[in-house]
Amino acid sequence: MSILSGKRILLGVTGSIAAYKAADLASKLTQAGAQVDVILTGAAEKFITPLTFQSVTGRRAYTDKDLWGDEAHVMHISLGKTADLLVITPCTADTMAKLAHGIADNLLTVTALAATCPLLIAPAMDGGMFDHPATQANLQTLQSRSVLVAGPAAGHLASGMSGVGRMLEPMELLGHIRIALGKKGKLAGKKVIVTAGGTQEAIDPVRVITNHSSGKQGYALAQAALDSGADVTLITTPTALTPPVGAKVIHVKSVQDMLDALLNESADALIMAAAGADFRPVNAAKDKLKKRDGIPQIQLEAAPDILKTLASQSGVAKRFQVTVGFAAESRDLLANASEKLASKNLDFIAANDISANDAGFAVETNRITLLFANGEKENLPLMSKAEAAEKIIEHIARLLK
Ligand code: CTP
């Protein structure tokens, strides 16, 4: 179940052209299973209608008319008290000023004052307005009260100029919302390192030896760890994926790069989801190999086994309290996985059968068996990589307790 599933998000929309992005965000949150209640300010209604939000959330959207209606005296209290998170996006300089000074002159600002849940704002305004000392002072006041601030980003502004003032894109905001919701999760205060993707071993400046790993399972693990409140470092090879918001990303290519990156790190948990090369060219050619020189004979040598290297160094001061490996197998799944569990000194291993066309590399789903160092075994049914990641994170949290 995604972190957004069943969560109550109160979405405040203020008067900025970026209000159209809030409709997309409301739609994405709803699709992810959140209950989204929208409050529009009067200025927001000039840019977008309550109906737009009602259409994507399937729930009533509130406006200032509701502030003076029959249920008004309880509405702002109940909206603010039952929400898991209040998100104000786009948040204008005017609304920031009101929030900083406790001004409550419309349904949204009254609700913000009454709300007991965390508040996340995504400012959107012209660059000069954002830079203005008044706005900066309000920003500082809000941050000192633990208000979470996402953005603004630099780029093209509605004024036609460029600067810092753009509201973050909905996908990025979704990442900030997940972090806000996961803050007190079961891995709060813990550091998790995830490796992802297929390593690349250079043959010459343009060619590499790599594998079919897409990095999807590793990225899903990084997201699931963030959702649980962990501090996440993602060590990734080049992939087509966007790293989850909030992860510290270290880009690597070869097994050696990945090992070097890990030798500089320590964490509560290490999840080795990357598909590391087992063999690499002894020497990468300095210049591009040319056809006219004939078919090259490429001599290979063993690449370092990262997990075994780390295990051999652990000694008394184990740098990773819990270590999790993956076993990608096309036959003898459990026998091979148990051998790796023992030889790589892992706490548990996620074994997946890559011969099935609905599991393993590049696809969205995985069918995993977890084998634990104490001999326990858990068969996970076919599930999305995001769900498989959540299961693995649950076990890590249990082992770290
Ligand atoms: N792994 C590693 N270093 C490597 C290769 C793999 O640390 N050079 C890690 C992977 O990240 C994974 C685990 O070891 O967590 C098992 O990887 P896998 O490719 O299934 O097995 P190998 O150990 O490479 O063995 P084989 O290729 O013989 O199956």
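Predicted model: local features only at pLDDT ≥ 70, side-chain atom pairs only at ≥ 80, totals over all residues.
## Who lines the ligand site

Start with the shell: 15 residues surround the ligand, and the closest of them are Ala-274, Asp-278, Phe-326, Lys-340 and Lys-344. Sorted by class, that shell has nine nonpolar residues, four charged ones and two polar ones.

Two secondary-structure elements, helix H12 (306-314) and strand S17 (320-329), each supply at least two shell residues. Strand S17 gives the largest share, with four residues.

Now for the backbone's part in holding distances to the ligand. On the nitrogen side, a backbone N or O atom of Ile-306 sits 2.9 Å from a ligand nitrogen, and a polar backbone atom of Ala-277 is 3.0 Å from a nitrogen atom of the ligand. On the oxygen side, Ala-328 has a polar backbone atom 3.2 Å from a ligand oxygen.

How much of the ligand does the protein bury? Taken alone, the ligand exposes 570 Å², and 79% of that is buried by the protein.

Is Ile-17 buried, partly exposed or exposed? Its relative accessibility is 48%, so Ile-17 counts as partly exposed; the exposed label would take over 50%.

Definitions and conventions:
Residues numbered from 1 in each chain as written. Heavy atoms only, no water. Near = heavy atom within 4 Å. Polar contact = N/O pair within 3.5 Å; in protein donor to acceptor, adjacent residues only side chain to side chain. Areas by Shrake-Rupley, 256 points an atom, 1.4 Å probe, with all protein chains shown as cover. Nonpolar A, V, L, I, M, F, W, Y, C, P; charged D, E, K, R; others polar. Buried < 20%, exposed > 50% of the residue type's maximum accessible area, 1.4 Å probe, protein only.
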